[in-house]
Amino acid sequence: MSGPAAARRPATADVADRAATGFTEAYGEPPAGRWAAPGRANLIGEHTDYNDGFVLPFALPLRTVAAAAPQPGEAWTVWSELSGETISFGADQVTGSGRVTGWGAYVAGVVWALREAGHRVPGARLAIASDVPLGAGLSSSAALEAAVLAALVDLGGLDLPTERWPRLAQRAENRYVGAPTGIMDQSAVVRCWDGHALFLDCRDESVEHVPFDLDAAGLAVLVVDSRAPHRHADGEYAARRTSCERAAGLLGVTALRDVPADGLAGALARLDEEETRRRVRHVVTENQRVLDTVALLRSGRVREIGPLLTASHASMRDDFEITVPEVDTAVEAALAAGALGARMTGGGFGGCVLALVDAERATPVATAVTAAYAARGFTAPGHVTVLPGPGAGRIPTEEES
Ligand code: ADP
Ligand code: MG
């Protein structure tokens with residue numbers, strides 16, 4: 001990303017090389033290998049996850065890389081480029097009451113979750129570098145967990161198929177770090193395929209890899225970091241969740257996922273409060289927009305998803321009321337500059353905007369968004385142009401690739 005959230009080392013240095021160099025500088029010997037996991041963006045399907053609904057994330061080419069090597073005993077040492085800091089922990093902090101805090105908790109949480117699941121986790125030294133901006137809603141936390149998990153599984157020769165990684169990393173984040181997240185982030189960063197989006201049913205966690213070959217269609221996604229200050233995001237998130245659960249109760253369904261789009265009018269007629277009706281309308285129409293997007297992508301009609309993205313944004317703005325002036329400005333400016341569709345992605349009250357653009361329009365659209373921000377006196381946004389990339393795994397050595 002351009003602007004202040006850019007990586008600390010020169011952008012010309014590849015993130016995998018930075019992790020390896022960091023490892024060698026920190027520990028005086030080269031790593032045994034490097035493991036990467038991407039950030040992710042949700043193409044469409046917002047606030048549908050906790051309603052047992054559908055989401056459609058894709059992996060970003062921005063990655064977190066763990067360079068690692070085994071070390072004897074139950075001891076883990078981790079350096080991160082982010083702070084230049086090295087932290088260490090032993091078995092005490094991943095068994096009993098002891099806890100690692102701060103960013104190291106994401107690493108210790110993975111060790112903890114592996115051990116809880118009965119695996120013998122190898123002691124290890126790790127060095128972390130990342131191109132995923134932190135706290136921008138692109139899931140740097142899941143990228144860190146998955147890169148560390150991939151390293152430890154390989155170093156220890158653990159019998160843990162990748163299908164089981166998302167639950168394990170989610171458990172690390174929920175139970176050890178203490179952050180209540182759904183299953184989307186970890187599923188996306190582990191299970192996404194290059195050139196595809198991941199159609200995830202949050203009720204049964206089944207997935208379908210849907211072709212999302214922007215490059216072949218001459219398209220790209222411009223990711224704009226709104227840099228909006230997170231205003232009461234946690235409280236508002238909890239309020240939306242409660243509202244949806246209450247509405248499902250009133251409608252006599254397990255979750256709002258069970259209200260089909262063609263049953264929406266009937267459902268709304270049974271709800272007294274205007275605000276609740278709008279919340280329900282967002283979730284029900286958003287689930288349908290995910291299904292419609294998937295149908296278009298399955299038949300290779302990528303360009304045509306633009307209006308669905310824009311409709312999703314309008315629904316988040318007007319019915320779910322989770323957007324802020326910065327993201328609305330970015331969406332409007334992107335559309336005015338020729339984006340095929342644009343929407344906020346993530347939980348809301350800030351975070352990032354995605355704009356689907358003809359590849360050669362990415363720069364003019366980004367420039368237009370920056371100008372619109374300046375005109376409104378907002379802090380300048382960050383931006384990066386992306387194509388969907390692969391999920392987590394070991395980076396082949398030069399001889400292997
Ligand atoms: P998001 O996942 O949207 O980026 P989160 O708040 O869920 O935001 O996670 C961000 C946190 O994850 C950071 O505050 C930090 O503790 C941790 N983190 C992510 N990437 C790194 C990294 N490369 N090095 C150290 N800590 C990281
Ligand atoms: Mg996160």
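Trainee: What covers the buried residues of α5?
Mentor: The cover includes strands β1, β2, β3 (57-70) and β7 (196-201), plus helices α3 and α4 (165-177). Contact here means heavy atoms within 4.5 Å. Helices (H or I, at least four residues) and strands (E, at least two) are DSSP runs, numbered from the N terminus.

Trainee: Before I go on, what am I looking at?
Mentor: This is a predicted model, in which local features need pLDDT of at least 70 and side-chain atom pairs count only at pLDDT 80 or more, while totals for chains, interfaces and linings use all residues. Residues are numbered from 1 along each chain as its sequence is written, chains are lettered from A and ligands numbered from 1 in the order in which they are written, and side-chain values use heavy atoms, with hydrogens and water left out.

Trainee: Back to α5. How many of its residues are buried?
Mentor: Seven of the eight residues in α5 (residues 184-191) are buried, so the helix is largely enclosed by the rest of the structure. Buried means under 20% relative accessible area, exposed means over 50%, and partly exposed is in between (1.4 Å probe, protein chains only).

Trainee: Which ones are they?
Mentor: M184, D185, Q186, S187, A188, V189 and V190.

Trainee: Is T363 buried or exposed?
Mentor: Exposed, at 57% relative accessible area. A371 is also in helix α11. A371 is partly exposed, at 46%. From A371 to E360 is eleven residues in sequence and 19 Å in space, C-alpha to C-alpha.

Trainee: New topic: the ligand. Which residues are closest to ligand 1?
Mentor: S80, G135, G137, S140 and S141, out of 17 residues that surround ligand 1. To count, a residue needs a heavy atom within 4 Å of the molecule.

Trainee: What about polar pairs?
Mentor: The side chain of S80 has an N or O atom 2.9 Å from a nitrogen atom of ligand 1. G135 uses a backbone N or O atom, 2.8 Å from a ligand 1 oxygen. In S140, a side-chain N or O atom is 2.6 Å from an oxygen atom of ligand 1.

Trainee: How much of ligand 1 does the protein cover?
Mentor: 78% of the 570 Å² of accessible area that ligand 1 has on its own. Those areas come from the Shrake-Rupley method with a 1.4 Å probe; for residues, only the protein chains shown count as cover.

Trainee: Which elements give two or more residues to the shell?
Mentor: β6 (124-130) and α3 (140-156). The largest share, three residues, comes from α3.

Trainee: How does the shell split by class?
Mentor: Nine nonpolar, seven polar and one charged. Ala, Val, Leu, Ile, Met, Phe, Trp, Tyr, Cys and Pro count as nonpolar, Asp, Glu, Lys and Arg as charged, and the others, Gly among them, as polar.

Trainee: Now α9. Why does its end-to-end distance agree with its length?
Mentor: At 1.5 Å a residue, its 13 residues (306-318) should span 18 Å, and the end C-alpha atoms are 19 Å apart, which agrees. The expected span is 1.5 Å times one less than the number of residues.

Trainee: What do the buried residues of α9 pack against?
Mentor: Helices α8 (274-298) and α10 (325-336), and strands β10 (341-345) and β11 (352-358). The buried set is G306, L308, L309, S312, H313, S315 and M316.

Trainee: And where does D319 lie?
Mentor: In the loop between α9 and α10. D319 counts as buried, at 10% relative accessibility. Its side chain makes a 2.8 Å polar contact with the side chain of R281.

Trainee: Which side chain does R34 join in a polar contact?
Mentor: That of D17, at 3.2 Å. R34 lies in strand β1 (residues 33-42).

Trainee: Last one. What is phi for H47?
Mentor: Near 60 degrees, a positive value in a residue other than glycine. H47 is in the loop between β1 and β2 (54-55), and is buried at 4%. F349 also has phi near 60 degrees. F349 lies in the loop between β10 and β11 and is buried at 8%.

Notes:
Polar contact = N/O pair within 3.5 Å; in protein donor to acceptor, adjacent residues only side chain to side chain.
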